[in-house]
Amino acid sequence: STFARKLRDKTSLPLYYLDNIYHLPDKTDLSQEEFNKRIDEITRTDSWIIDGCYFNNIKDRIERCDTVFYFDLPPEICLKGARSRIGIKREDFPWIEEEGDEKFYNYILNFNSSFKDRIEKMLSEHKDKKIYIIKSHEEADSLAKSIG
């Protein structure tokens, strides 16, 4: 999300956070059908930045974009980041998380075994896209500084 905000600030493109679309302020979630409809509406516009990696509609997003920034960070780093956000108001999430979410933490820890190969296969099928695979926060910072 930090990278997405830097990208938005440099490009002035509209930024959409998948967490803010899927999760509602009353701590309920959109139906999968409504969520997919919202993403479809966004990705049919000319320019956008989408932050998040909800797998169920990633294929359409990859097909409709011109550039992908794929963060391939170690799960432990992602988990540390998720835990550090507890109790902090954020623009990329609709409520302040008061406590850790073990289900989400397990999702982070199992992300590579569940999704990484499939995402990388989809990315490899799109040679027409600019694809950046980012392996560290330092790499992300350097890339953000070079854009624009």
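Is Asp141 buried, exposed or partly exposed? At 34% relative accessibility, Asp141 is partly exposed; buried here means under 20% relative accessible area, exposed over 50%, and partly exposed in between, with a 1.4 Å probe and protein chains only.

Some ground rules. This is a predicted model, in which local features need pLDDT of at least 70 and side-chain atom pairs count only at pLDDT 80 or more, while totals for chains, interfaces and linings use all residues. Residues are numbered from 1 along each chain as its sequence is written, and side-chain values use heavy atoms, with hydrogens and water left out.

Back to Asp141. Its side chain meets that of Lys6 in a salt bridge, 3.0 Å from N to O; the term requires a side-chain nitrogen of Lys or Arg within 4 Å of a carboxyl oxygen of Asp or Glu. Asp141 lies in helix H7 (residues 137-146) and Lys6 in helix H1, so the pair ties together parts that are 135 residues apart in sequence. Helices are DSSP runs of H or I with at least four residues, strands are runs of E with at least two, and both are numbered from the N terminus. Lys6 is partly exposed too, with a relative accessible area of 33%.

The structure holds 12 salt bridges. Another one joins Lys135 and Asp72 at 2.6 Å, N to O. Lys135 sits in the loop between strand S4 (130-134) and H7, and Asp72 in the loop between S3 and helix H5 (75-84), so this pair links parts 63 residues apart in sequence. Lys135 is partly exposed at 46%, whereas Asp72 is buried at 7% relative accessibility. In the salt bridge between Asp92 and Arg90, the closest N and O atoms are 3.1 Å apart, and both residues are buried.

Now the core. The largest nonpolar core has 20 residues, and Phe35 and Ile119 touch the most other members. Such a core is a set of buried Ala, Val, Leu, Ile, Met, Phe, Trp, Tyr and Cys residues joined through side-chain atoms within 4.5 Å. Helix H6 gives the largest share, five residues. In soluble globular proteins, nonpolar side chains tend to be buried together.

Last, the backbone. Ser12 is not a glycine, yet has a positive phi of about 65°. Ser12 is in the loop between helix H1 (2-11) and strand S1 (15-17), and is exposed at 66%. Lys27, also not a glycine, has a positive phi of about 70° and is found in the loop between H2 and H3.
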